[in-house]
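Subject: Handover of a structure, with notes

Dear colleague,

Please find below the sequence and structure that I am handing over to you. My notes on it follow directly after.

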Amino acid sequence: MTPPPKTFHVKSFGCQMNVYDGERMGELMAAEGMTATADADAADLVVLNTCHIRERATEKVYSDIGRIRKNARVQGREPMIAVAGCVAQAEGAEIVARAKVDVVVGPQAYHNLPGLVARAASGAPVLDTDMPAESKFGALPRRRRVGPSAFLTVQEGCDKFCTYCVVPYTRGAEVSRRMAAIVDEAKALVDAGAREITLLGQNVNGWRDADRNGLEALIHALDRIEGLARIRYTTSHPNDMTDGLIEAHVSVEKLMPFLHLPVQAGSDRVLKAMNRSHTRDGYLRLIERIRAARPDIALSGDFIVGFPGETDAEFEETLSLVDAVGYAQAFSFKYSPRPGTPAAAMDGAVPAQVMDERLQRLQAALNRDQAAFNAASLGRTCTVLIERKGKLPGQMLGKSPWLQSVHLMTDAGVGDLVEVEVVRADPNSLAGVERVRAAA
Ligand code: SF4
């Protein structure tokens, strides 16, 4: 029998949805009277909110657990450990058996975390990786304290089954939260201090309301919330990028001119092997339509190099697609097999050295385009949402509408919107001078 924990620490890995889930788990435990601590080595309960996307994610979880236990032993303590997130869903009982953790909870069951912790405190480890039909969201407490830029999960799961991806297995089928619940949560976030909300979903633009209206219907509803200044959404699939959603980028001023639209590869053969269900040409034509509607939109993407069987010529097609699009920013990775996915059983593994070379070339091209996008901002005036203090006295950091980091000297506070003239453009950030303070 372990005494019930009084303090907790949540460590989230991976994507923004995990960040959101980690915040919600923290709110659940705070509602039970536990106190958050920033020091994992001082907490009575450590929650590792895991991600299965990166290579060796599972090993990383086991080594983290070992390190936490070792540090605690030195202090004569024995904290409870809970493993949440996608590794918990994928590994389940294996984690309990191998690492002797107290709680394993999947991404669709974390609303049960306080109850699971209470049960584990009275003895045996507990496991909950159910994917219940009832949404967890109704069981979560009202949002009370957030920063100026907040995440809001509106959709979970994915039906696309890209052959390299574990999400359809760890997060389940696509489920959209109801519009009324999302609007309520958005209002609570604004009351709690948010000026910008990023709508999250594994396939966010697959969100549908009860009448099958698309994400633009939700965006129009959120547009009416007083005090909310900015709306963003991520991650989108090209096939769900509808005319209505593109039009929202024109008609909804609060919807920021930024779109994360992964393509993964530039070769039709590789896209087919990935089961991406779109072609290179279809993607490029979609980009043309989006840019015709909203010429200043900043595009972001995801890329995988070295997918099984990818030839030099096919990789060149990825580079030429990058040249054709001109991304403002992007994420790129070497392919690594995820156990249980179809791609993990494919022949044609690309040698590590070839993958390294391809990744370097791709990243050089993406960095070049990001630097060019930032350089084009020089002399431009834009609104910056102040998010936090900078390193220098009087310096604040914020984001431009195009999701660029901007630093400036100002007496504006966190959450203020400031009109800024961009006076310096670096590859990863901009420097600005304050011109006008927008009305609060
Ligand atoms: S669309 Fe995205 S989340 Fe869905 S299977 Fe493909 S990569 Fe995974």
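Please bear in mind throughout that the model is predicted.

I begin with Ser 400, which is placed in the loop that joins strand E16 (395–399) to E17. Ser 400 counts as buried because its relative accessibility is 0%, and buried means under 20%.

Strand E17 itself covers residues 405–409 and contains His 407. With a relative accessible area of 19%, His 407 is buried. Its contacts, leaving aside neighbours within four places in sequence, are Gln 395, Met 396, Leu 397, Arg 424, Ser 429, Leu 430, Ala 431 and Gly 432.

The ligand

Which residues surround the ligand? The shell consists of Cys 158, Lys 160, Phe 161, Cys 162, Tyr 164, Cys 165, Val 167, Pro 168, His 237 and Arg 276. By class, seven residues of this shell are nonpolar, one is polar and two are charged. Phe 161, one of the residues around the ligand, lies in the loop between strand E8 (155–156) and helix H6 (167–170). Its phi is positive, near 50 degrees, although Phe 161 is not a glycine. At 38% relative accessibility, Phe 161 is partly exposed.

Helix H2

Helix H2 comprises 18 residues, 57–74, and at 1.5 Å a residue it should span 26 Å; the C-alpha atoms at its ends are 26 Å apart, so the two values agree. Its buried residues are Ala 57, Thr 58, Val 61, Tyr 62, Asp 64, Ile 65, Ile 68, Arg 69 and Ala 72. Because these residues cover an arc of only 160 degrees around the axis, they lie on the same side of H2. The cover over them includes strands E1 (7–12), E3 (45–50) and E4 (80–84), together with helices H3 (85–91) and H4 (93–99). On the face turned away from the buried side, H2 carries the exposed residues Lys 70, Arg 73 and Val 74. After H2 comes Gly 76, with a positive phi near 70 degrees.

Lys 100 has a positive phi of about 55 degrees and is not a glycine. Its relative accessible area of 59% makes Lys 100 exposed.

Helix H9 and its surroundings

The buried residues of H9 are Leu 245, Ile 246, Ala 248 and His 249. Viewed down the axis of H9, they fall within an arc of 150 degrees, so they line one face of the helix. Their cover includes helix H8 (215–223), E11, E12 and helix H11 (280–293).

The loop between strand E11 (230–234) and H9 holds Thr 235, and the peptide bond from Thr 234 to Thr 235 is cis, with omega near 5 degrees. The loop between helix H9 (243–251) and strand E12 (258–260) holds Val 252. Is Val 252 buried or exposed? It is buried, with a relative accessible area of 1%. Apart from residues up to four places away in sequence, Val 252 touches Ile 219, His 220 and Asp 223. Asp 223 is 29 residues from Val 252 along the chain, and their C-alpha atoms are separated by 7.0 Å.

Nonpolar cores

The largest nonpolar core has 50 residues, of which Leu 199, Leu 215, Ile 219, Leu 222, Tyr 233, Met 241 and Tyr 327 touch the most other members. Leaving aside its neighbours within four places in sequence, Tyr 327 contacts Val 263, Tyr 283, Leu 299, Ser 300, Gly 301, Phe 303, Leu 321, Val 322, Leu 366, Asp 369 and Gln 370. Another core lies apart from the largest one; it has 26 residues, among them Leu 45, Ala 121, Leu 140 and Leu 200.

With kind regards

Methods:
Residues are numbered from 1 along each chain as its sequence is written. This is a predicted model: local features need pLDDT of at least 70, side-chain atom pairs count only at pLDDT 80 or more; totals for chains, interfaces and linings use all residues. Side-chain values use heavy atoms; hydrogens and water are left out. A residue is near a molecule or strand if one of its heavy atoms lies within 4 Å of it. Ala, Val, Leu, Ile, Met, Phe, Trp, Tyr, Cys and Pro count as nonpolar, Asp, Glu, Lys and Arg as charged, and the others, Gly among them, as polar. Helices (H or I, at least four residues) and strands (E, at least two) are DSSP runs, numbered from the N terminus. The expected span of a helix is 1.5 Å times one less than its number of residues. Buried means under 20% relative accessible area, exposed over 50%, partly exposed in between (1.4 Å probe, protein chains only). The arc is that of the directions from the helix axis to the C-beta atoms. Contact means heavy atoms within 4.5 Å. A nonpolar core is a set of buried Ala, Val, Leu, Ile, Met, Phe, Trp, Tyr and Cys residues joined through side-chain atoms within 4.5 Å.
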